[in-house]
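Hi,

Here is the structure I promised to pass on. Have a look at it first, and my notes on what I found follow below.

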Amino acid sequence: MKLPGKAIVWLVYLDANLPRRLGRKVPKSLAIEAPTLSELTEACKRLKLEFQLREDARYPRIWWGRRGYIIVDKFASKSKLLKTLALEIRRLRNEKAEYGRR
């Protein structure tokens with residue numbers, strides 16, 4: 001599906017538990033342990049990106065898992081977009097962990 005100026009971001013693209021052959025697109029060093037759609041949408045909001053949520057979609061290579069994806073406005077190449085989202089989710093998790101320690 002071609003969407004000019006937009007990118008589809010499946011959760012599996014960022015998942016550290018999956019090998020690249022099953023869909024992970026970011027390096028293992030940037031990948032997130034079991035990312036959630038709420039984290040992905042929160043990262044988009046923090047980066048001020050317009051997005052549309054598709055919760056019931058299943059990634060074709062791992063159809064047995066309900067994962068979902070977002071359609072987001074593209075501001076750079078897809079790999080740069082994915083790395084930026086992964087880093088933002090990491091920041092989000094670190095902030096939540098720090099807040100939990102207080």
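**What I found**

Tyrosine 99 sits in helix H2, where helices (H or I, at least four residues) and strands (E, at least two) are DSSP runs, numbered from the N terminus. Its relative accessibility is 63%, so tyrosine 99 counts as exposed. For that label, buried means under 20% relative accessible area, exposed over 50%, and partly exposed in between, with a 1.4 Å probe and protein chains only. Tyrosine 99 and glutamate 42 are 57 residues apart along the chain, and their C-alpha atoms are separated by 17 Å.

Before going on, the ground rules. This is a predicted model, in which local features need pLDDT of at least 70 and side-chain atom pairs count only at pLDDT 80 or more, while totals for chains, interfaces and linings use all residues. Residues are numbered from 1 along each chain as its sequence is written, and side-chain values use heavy atoms, with hydrogens and water left out.

**The chain as a whole**

The protein chain has two helices and three strands, and from the N terminus on they run β-α-β-β-α. The radius of gyration is 13 Å, which agrees with the value near 13 Å for a compact globule of 102 residues; it is taken over C-alpha atoms, and the globule rule is 2.2 Å times the number of residues to the power 0.38. Along its principal axes the C-alpha trace spans about 45 × 30 × 25 Å. Buried residues account for 41% of the 102 residues.

Take the contacts in the protein chain between residues at least 6 apart in sequence: 62% of them join residues at least 24 apart. Contact here means heavy atoms within 4.5 Å.

Which residues of H2 are buried? They are Leu81, Leu82, Leu85, Ala86, Glu88, Ile89 and Leu92. An α-helix has 3.6 residues a turn, so residues three or four places apart point the same way. The cover over the buried residues of H2 includes strand E1 (6–10), helix H1 (37–46) and strand E3 (69–73).

In H1, the buried residues are Leu37, Glu39, Leu40, Thr41, Ala43 and Cys44. What covers them includes E1, E2, E3 and H2.

**Positive phi values**

After H1 comes lysine 48, with a positive phi near 60°. Lysine 48 lies in the loop between H1 and strand E2 (51–54), and counts as exposed at 74% relative accessibility. Alanine 34 also deserves a look: its phi is positive, about 45°, although it is not a glycine. Alanine 34 is in the loop between E1 and H1 and counts as partly exposed at 40% relative accessibility.

**Loop residues and their contacts**

The loop between E1 and H1 also holds glycine 23 and proline 27. Are these buried or exposed? Glycine 23 is buried, at 3% relative accessible area, whereas proline 27 counts as partly exposed at 27% relative accessibility. Leaving aside neighbours within four places in sequence, glycine 23 is in contact with Val12, Tyr13, Tyr59 and Arg61. Not counting residues up to four places away in sequence, proline 27 touches Arg20 and Lys83. Proline 27 and leucine 37 are ten residues apart in sequence and 20 Å apart in space, C-alpha to C-alpha.

Isoleucine 62 belongs to the loop between E2 and E3 and is buried, with a relative accessible area of 6%. Neighbours within four places in sequence aside, isoleucine 62 is in contact with Val12, Leu18 and Leu22. Aspartate 15 is 47 residues from isoleucine 62 in sequence and 12 Å from it in space, C-alpha to C-alpha.

Cheers
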